[in-house]
Structure formats: structure tokens, C-alpha cells
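Reader: I would like to learn how to read helix packing in a model. Please take me through it one feature at a time.

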Amino acid sequence: SKDQATNLEWSVAALRKLSDIKKDDAAVQSDLAEALAKVEKHRGEAKELLEKLAKKDLISTPEGYATLADLRSAAGDSAGQKVAQKRCESMAKSATVCRASA
């Protein structure tokens, strides 16, 4: 819906501001990437951000790994998708968090 799109853009803007202030805060970066991933035009940026965090093993939530799995899957990286999926499952209390939303 239009409201949802507006709310997402607002969330992205708010998280960007926070991310600028807390440049080294992996949790904030993860949250920003998850919000970005929900907006089609920001999905590339979301993937870039999560890949950077994943390289340093800094994704702090199973949702972050689930989002990365989705983004990798969409990019045709099925091996990478499986890796992110496994990380999600090892962190999540419930596997439903990790089911591909794509």
C-alpha cells in the first residue's frame, strides 16, 4: 500500500541518519540493510551492506541472514544463499524466520 511504502521510506531515512552517526554499529547497519531490502530500488544497496557485514561476521540477527539469503537467491547465488540460510537457522529460535520470503 501507499502508506506502507511511505513508512518504509521513512524507516530507511531514519536508519540512514542513525547509521551515519553510528558508523561502526553492526546492529544499526543490519537494521538499515533489512529496511533497504524491503524497497525494490534499494535492494542492491541492501545486499552490498549485508555482504560487507557478512564478510566480517557482523550480522547480528537471524533476520539479517534471512534477508541476505533472499538477496543472494535473487542475484542467482544459490551457494551463497544456502550459506546465509544455514547461518540464519543456527541463530534463530524458530526456523520460520529463515524461510525464504521471496
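This is a predicted model: local features need pLDDT of at least 70, side-chain atom pairs count only at pLDDT 80 or more; totals for chains, interfaces and linings use all residues.

Reader: How are two packed helices described?

Author: Two packed helices are described by the angle between their axes and the distance between the axes. Take helix α1 (residues 2-21) and helix α2 (residues 26-37): their axes cross at roughly 155° and come within 9 Å. An angle over 145 degrees counts as roughly antiparallel, so α1 is roughly antiparallel to α2. The crossing of these two helices is left-handed.

Reader: Which residues of α1 and α2 meet?

Author: From α1 there are Leu 8, Val 12, Leu 15, Arg 16, Leu 18 and Ser 19; from α2, Val 28, Gln 29, Asp 31, Leu 32, Ala 35 and Leu 36. By class, eight of the residues in this contact are nonpolar, two are polar and two are charged.

Reader: What is the angle between α3 and α4?

Author: Helix α3 (residues 43-55) and helix α4 (residues 62-74) have axes that cross at roughly 120° and come within 10 Å. That angle makes α3 oblique to α4. The crossing of α3 and α4 is left-handed. On the α3 side the contact has Arg 43, Ala 46, Lys 47, Leu 50, Glu 51 and Ala 54, and these meet Gly 64, Thr 67, Leu 68, Asp 70, Leu 71, Arg 72 and Ala 74 in α4. The contact of α3 with α4 holds six nonpolar, two polar and five charged residues.

Reader: Which residues of α3 are buried?

Author: The general idea first: an α-helix has 3.6 residues a turn, so residues three or four places apart point the same way. In α3 the buried residues are Ala 46, Leu 49, Leu 50, Glu 51 and Leu 53. Both α2 and α4 are among what covers them.

Reader: How far apart are the end C-alpha atoms of α3?

Author: They are 18 Å apart, which agrees with the span of 18 Å that its 13 residues should have at 1.5 Å a residue. After α3 comes Asp 57, with a positive phi near 55°.

Reader: Is Ala 13 buried, partly exposed or exposed?

Author: Ala 13, in helix α1, has 35% relative accessibility and therefore counts as partly exposed.

Definitions and conventions: Residues are numbered from 1 along each chain as its sequence is written. Side-chain values use heavy atoms; hydrogens and water are left out. Axes are lines fitted to C-alpha atoms, for helices over the stretch in contact, and angles run from 0 to 180 degrees between N-to-C directions. Helices (H or I, at least four residues) and strands (E, at least two) are DSSP runs, numbered from the N terminus. Angles under 35 degrees count as roughly parallel, over 145 as roughly antiparallel, 65 to 115 as roughly perpendicular and the rest as oblique. A crossing is left-handed if the near helix is turned anticlockwise from the far one by less than a right angle, and right-handed if clockwise. Contact means heavy atoms within 4.5 Å. Ala, Val, Leu, Ile, Met, Phe, Trp, Tyr, Cys and Pro count as nonpolar, Asp, Glu, Lys and Arg as charged, and the others, Gly among them, as polar. The expected span of a helix is 1.5 Å times one less than its number of residues. Buried means under 20% relative accessible area, exposed over 50%, partly exposed in between (1.4 Å probe, protein chains only).
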